[in-house]
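This report covers one protein chain.

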Amino acid sequence: MTNNNLFSVDQLTIRFGGLTAVDRVSFRVEPGSVFSIIGPNGAGKTTIFNCISGLYKPDSGSIIFKGENIVGQKPHRIARKGIARTFQNIELFSRMTTMENLMLGRHIHMKTNVWTGATFFRRGSRAAREEIKHRERVEKIIDLLDLQSARNQFVGGLPYGTQKLIELGRALALEPELLLLDEPSAGMNSEEKQDLVFWIKDIQYELGLTILLIEHDMKMVMDISDLILAINFGKPITEGKPEEVQRHPEVLKAYLGEDEVIG
Ligand SMILES: Nc1ncnc2c1ncn2[C@@H]1O[C@H](COP(=O)(O)OP(=O)(O)OP(=O)(O)O)[C@@H](O)[C@H]1O
Ligand SMILES: [Mg+2]
């Protein structure tokens, strides 16, 4: 990626009634980097993601993706432009298989409807070729995230950590340039977290994606972030390299009395 102005947020602000959930937040994400947003519960992290992915319309500020202000565009349009996300709470179809969930992640690339396509297309037809191409892409993601054993299982019956990975896979199936991960390690055990770090690095280096990460696990944040933005009460506290942010007095204060221990 040669474009060095992939993604930036400028003076982003959104209010809910009397509450300013995000208050003049600005940052820029370097292509190919992992940029993390940290802050206590209710700080406004997910709200920033909701603005970026088009679920919320900010009151003011701009969100620039590849030179274009995407504020006010609908979520599917933003996804089509190359921004995919995972949710803080898993949002998968539990009575569908892993493969089916990942195929749904590809819907924005499909010219033929995935269901009618699967049922009615003729062998060798354009729809059939398209379906094969999509399946190949999904198989690559299954390989990348080591999800072979889950491929044909209903997602609802799989362990929590595996479901989180499938959500990640579904976001990757969109073939995004920018990937938003909202607390991907929440609810994972330490082994699953280690694997997740490994996969995120793989996604960063092998797929060349740019990653915007919200994460409460400070060890993980410090391990994988190139830059970190700390916010509290919707406002930026500081931005910098992990070792700088970790030592910032305001950051330490914001986390005091919380379970998360920095360091
Ligand atoms: N749709 C909404 N309507 C009203 N208030 C909202 C809405 N969405 C978010 N908020 C409020 O905005 C604030 C920021 O919430 P947000 O979910 O962004 O926090 P967060 O930093 O992601 O917290 P957590 O770490 O707990 O996930 C909270 O006070 C929340 O209640
Ligand atoms: Mg949140």
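## Overall fold

Of the contacts in the chain between residues at least 6 apart in sequence, 66% join residues at least 24 apart. The model is a predicted one. The chain has 10 helices and 10 strands. It runs to 263 residues, and buried residues make up 36% of them.

## The largest nonpolar core

The largest nonpolar core holds 64 residues. Seven of its members are named here as touching the most other members: Ile-48, Ile-83, Leu-178, Leu-179, Leu-180, Ile-211 and Ala-230. Helix H6, residues 160–173, supplies the largest share of this core, with 6 residues. Both domain 1 (1–82 + 176–263) and domain 2 (94–175) give residues to the core, so it lies between them.

Take Ile-48 from that list. Set aside its neighbours within four places in sequence, and Ile-48 is in contact with Leu-12, Val-22, Val-25 and Ile-37.

## Helix H3 against H5

Two packed helices are described by the angle between their axes and the distance between the axes. Helix H3 spans residues 98–105, and helix H5 spans residues 126–144. They pack at an angle of about 115 degrees, and their axes are 10 Å apart. H3 passes H5 in a right-handed crossing.

Which residues make the contact? From H3 come Met-99, Leu-102 and Met-103; from H5 come His-134, Val-138 and Ile-141. By class, the residues of this contact of H3 with H5 are 5 nonpolar, 1 polar and no charged.

## Helix H3 against H6

H3 also packs with H6, at an angle of about 35 degrees and with the axes 7 Å apart. The crossing of H3 and H6 is right-handed. On the H3 side, the contact is made by Thr-98, Asn-101, Leu-102, Leu-104 and Gly-105. On the H6 side, the residues are Ile-166, Gly-169, Arg-170, Ala-171 and Ala-173. The contact of H3 with H6 has 5 nonpolar, 4 polar and 1 charged residues.

Leu-102 takes part in the contact with H5.

Asp-23 lies in strand S2, residues 19–29. Is Asp-23 buried, exposed or partly exposed? There are 18 other C-beta atoms within 10 Å, so Asp-23 is partly exposed; the buried class needs 20 or more, and the exposed class 12 or fewer.

Not counting residues up to four places away, Asp-23 touches Thr-13, Gly-234 and Lys-235. The C-alpha atoms of Asp-23 and Pro-236 are separated by 7.9 Å, while the two residues are 213 residues apart along the chain.

Arg-24 is in strand S2 as well. Its phi is near 55 degrees, a positive value in a residue other than glycine. Arg-24 has 14 C-beta neighbours inside 10 Å and therefore counts as partly exposed.

## Glu-175 and its backbone

Most residues other than glycine have a negative phi. Glu-175 is not a glycine, yet its phi is positive, at about 50 degrees. Where is Glu-175 placed? Glu-175 sits in the loop between H6 and strand S7 (178–182). Glu-175 is partly exposed because 16 other C-beta atoms lie within 10 Å.

Note on methods. Residues numbered from 1 in each chain as written. Chains lettered and ligands numbered in written order. Predicted model: local features only at pLDDT ≥ 70, side-chain atom pairs only at ≥ 80, totals over all residues. Axes fitted to C-alpha atoms, helices over the stretch in contact; angles between N-to-C directions. Helix = DSSP H or I, 4+ residues; strand = E, 2+ residues; numbered from the N terminus. Left-handed = near helix turned anticlockwise from the far one by under 90°. Contact = placed C-beta atoms within 7 Å. Nonpolar A, V, L, I, M, F, W, Y, C, P; charged D, E, K, R; others polar. Core = buried A, V, L, I, M, F, W, Y, C linked by C-beta atoms within 7 Å. Domains from an automatic or database assignment.
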